[in-house]
Amino acid sequence: MTGKEDLYRAAAIRALCSITDHTMLQAVERYMKQCIVDKNAAVSCAALVSSLRLATTAGDVVKRWANEAQEAMNSDNIMVQYHALGLLYHIRKSDRLAVSKLVNKLTRSSLKSPYAVCMLIRIACKLIEEEDIPSEELSDSPLFTFIETCLRHKSEMVIYEAAHAIVNLKNTNHRMLSPAFSILQLFCSSPKATLRFAAVRTLNKVAMTHPAAVTTCNLDLEGLITDSNRSVATLAITTLLKTGAESSVERLMKQISTFVAEISDEFKIVVVQAICALCTKYPRKHTVLMNFLSGMLREEGGLEYKTSIVDTIITIIEENADAKESGLSHLCEFIEDCEHVSLAVRILHLMGKEGPFAATPSKYIRFIYNRVILESPIVRAAAVTALSQFGASCPALLTNILVLLGRCQMDPDDEVRDRATYYLTILNTERADLYKNYIIERENCSLALLEKALVDHLNGDLEKRFDISVVPKAAAVVRAEISNDVMLVTSAPRPPKITREEESASRLAQLPGIQVLGPVHRSTAPIQLTESETEYTVQCIKHIFGQHVVFQFDCLNTLSDQFLENVRVELTLPEGFTTRAVVPCPKLPYNELQTTYVIVEFPPDAGSSIATFGATLRFVVKDCDPNTGEPDSEEGYDDEYMLEDMEITVADQIQKSKKNNFQVAWDAADSEEWLQAEDTFVLSAVTTLQDAVNTIMKILGLGSANLSEKVPEGTHLHTLLCSGTFRGGAEVLVRAKLALSEGVTLNLTVRSTDQDVAELITAAIG
């Protein structure tokens with residue numbers, strides 16, 4: 001590293017930084033600074049990239065190298081300039097003002113490195129998205145002006161990056177998008193396959209967000225269908241599928257079927273995603289598209305490819321009632337020779353959920369029982385569960401199902417035998433309430449939290465019985481968002497993925513006495529109580545229990561010269577609410593997210609639970625050294641910071657549920673145990689039935705049933721069906737009849753096991 005032979009120095013820097021921890025780094029800090037500004041490009045690049053990797057473990061030390069990185073920005077070497085910008089951004093990315101200054105300075109200078117310009121475009125886009133500039137002001141923004149000027153850059157890489165950035169920005173209008181789409185259209189006819197591929201891939205991604213703009217490129221895309229590069233041809237056809245007319249679907253499907261076997265699984269997945277979008281856009285074409293998908297299922301392919309097809313078929317079944325029968329039939333044929341256990345289990349679960357309510361449920365029994373005879377234990381167990389759902393939902397098939405489950409009791413696998421015995425015992429009781437709670441609408445616990453609760457129970461007082469009701473229910477599966485950071489450092493170990501529900505439950509479990517509140521009913525999404533640029537930022541998550549709400553306030557101190565202590569939030573409570581506990585945050589250093597809690601008890605009557613709370617952040621301030629973060633003295637002074645008001649709504653207190661057969665549940669609720677409230681409203685704020693449905697769903701927070709959340713085109717009458725559970729366990733069923741004339745008229749009928757809850761939900765609309 002310090003030798004005279006440049007050939008070894010770059011490798012020595014990389015090797016040394018890969019084995020050095022933050023405690024040893026100060027010994028080589030002076031040499032690293034020298035290497036960053038070294039005249040040899042290879043040495044400088046090695047030092048910059050190694051610094052970027054060290055920033056994840058020794059960020060405070062690497063921050064002191066900012067001046068050297070700034071000097072490296074003046075290098076004539078394109079890679080040195082690129083890596084220097086990456087390091088500078090990584091050092092300053094937590095300070096939004098510093099990043100803005102860096103970008104504004106560099107946009108006024110002319111960077112020699114096209115790689116650095118591409119990164120600068122990405123950073124500028126990130127700043128624009130964070131500022132959320134409206135479209136009428138965006139065109140005057142210096143950042144957007146810089147991106148627009150890059151469309152005329154001499155490097156094709158930079159031109160493409162600028163066009164790609166503009167078409168993916170929010171809050172743009174036709175005038176801003178037009179030059180970018182013109183560039184992409186021009187690239188579609190480029191002799192270079194890489195440019196054609198990049199342009200078509202970008203058009204494919206934005207086809208659903210800017211269909212009118214992409215349609216102008218349709219002639220160029222038609223020409224690419226016969227492109228010698230199959231990847232380009234696939235993307236061209238799938239883009240045309242997304243933007244084309246309903247009449248062109250059959251022609252395009254016929255063209256793509258001629259070479260779909262020749263392309264890789266990655267591009268087959270792109271085709272499947274386009275078909276999924278097409279089914280949503282043109283539901284009447286489901287027969288053609290479903291047949292095409294079933295043909296793809298029979299071909300050779302990996303798990304990811306087959307999973308994407310099954311996901312698409314399931315989505316079509318759930319969104320289009322007319323496609324249910326054909327979709328289930330195709331999936332039944334697929335599991336006859338499916339080699340992927342996870343897919344077979346998913347399909348059996350779907351058949352158990354949807355099959356009993358098909359026109360002829362009995363035809364699916366053979367396919368399911370075949371799995372019990374022929375498959376592995378995991379699939380056999382799933383098949384037993386599916387059979388039990390048919391027995392619980394179809395009284396005419398119950399006798400046959402009992403015979404089949406009786407045979408399953410002789411299975412060699414423990415899990416299969418246990419399931420068969422369990423379901424057989426329940427079905428033999430012939431009690432509808434047991435069918436409903438343990439077979440048809442059984443709720444699954446979060447496995448991670450169930451394991452933790454069992455471990456805590458074994459380590460505690462074993463004389464007490466284990467109560468599974470305190471374990472939160474499993475959250476719906478949410479696809480992980482892909483990070484869009486400018487420069488990813490992948491060497492750092494990634495934390496294990498946990499759901500928001502699991503994270504909240506594990507944090508709440510640390511609060512003293514939280515167990516007496518019972519299980520968490522639901523946790524809301526975070527809401528911001530301050531502006532993002534203020535001195536202190538606070539967000540709130542509401543954890544709803546049976547009779548209490550726990551307000552979780554996540555606080556961030558953005559002032560480097562202040563150290564906060566005894567941080568807590570003081571609430572102004574409406575009448576009827578009572579504060580039971582305040583858990584302050586002992587210390588809040590600069591740029592560290594810490595949490596304080598307030599536990600509040602609901603009023604005894606449900607009607608008073610809708611309220612607005614005032615909030616004030618209170619704390620003790622101590623001046624500190626910005627470099628070390630240590631307080632200058634032990635003395636501090638009390639201070640406060642006003643937060644925005646927050647509300648508890650009806651939707652906060654309701655956990656969504658989805659009834660497989662809403663009509664059966666509605667008819668069963670016509671009894672003495674259930675109470676009903678009914679009212680009629682005129683919704684003056686909405687002009688269409690779909691807007692009315694969206695508004696009702698947002699206000700009530702219920703889960704829709706029977707695809708009633710989607711209003712068919714051209715209709716003037718619609719019925720919305722939805723259900724959920726109010727805190728405390730009160731079940732709720734809602735039927736909303738909507739009629740469109742001069743406005744939207746709503747007849748709302750609510751059935752609940754609690755009269756106050758039924759009246760509260762009715763009043764929420766009014």
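This short talk walks through a sheet, a helix and the cysteines of one structure.

Hi everyone. Please keep in mind that what we have here is a predicted model.

Let's begin with the sheet. Four strands make up an open sheet, and their order is β7-β5-β9-β10, with antiparallel pairing. At the edges sit β7, residues 585-588, and β10, residues 637-648, and each of these pairs on one side only. From one strand to the next, the twist averages 30°. Now look at β9, which covers residues 611-623: β9 and β10 pair in the antiparallel sense over ten bridges.

Next, helix α17. Which residues are buried in helix α17? They are V249, L252, M253 and I256, in a helix that spans residues 249-257. Looking down the axis of α17, these buried residues fall within an arc of 100°, so they line one face of the helix. Here is the general idea behind that: an α-helix has 3.6 residues a turn, so residues three or four places apart point the same way. And what covers the buried residues of α17? The cover includes α16 (230-243), α18 (265-281) and α19 (286-298).

Last, the cysteines. With a cut-off of 2.5 Å between sulfur atoms, the count of disulfides is zero.

Methods
Residues are numbered from 1 along each chain as its sequence is written. This is a predicted model: local features need pLDDT of at least 70, side-chain atom pairs count only at pLDDT 80 or more; totals for chains, interfaces and linings use all residues. Side-chain values use heavy atoms; hydrogens and water are left out. Two strands pair if DSSP finds at least two bridges between them. Helices (H or I, at least four residues) and strands (E, at least two) are DSSP runs, numbered from the N terminus. Axes are lines fitted to C-alpha atoms, for helices over the stretch in contact, and angles run from 0 to 180 degrees between N-to-C directions. Buried means under 20% relative accessible area, exposed over 50%, partly exposed in between (1.4 Å probe, protein chains only). The arc is that of the directions from the helix axis to the C-beta atoms. Contact means heavy atoms within 4.5 Å.
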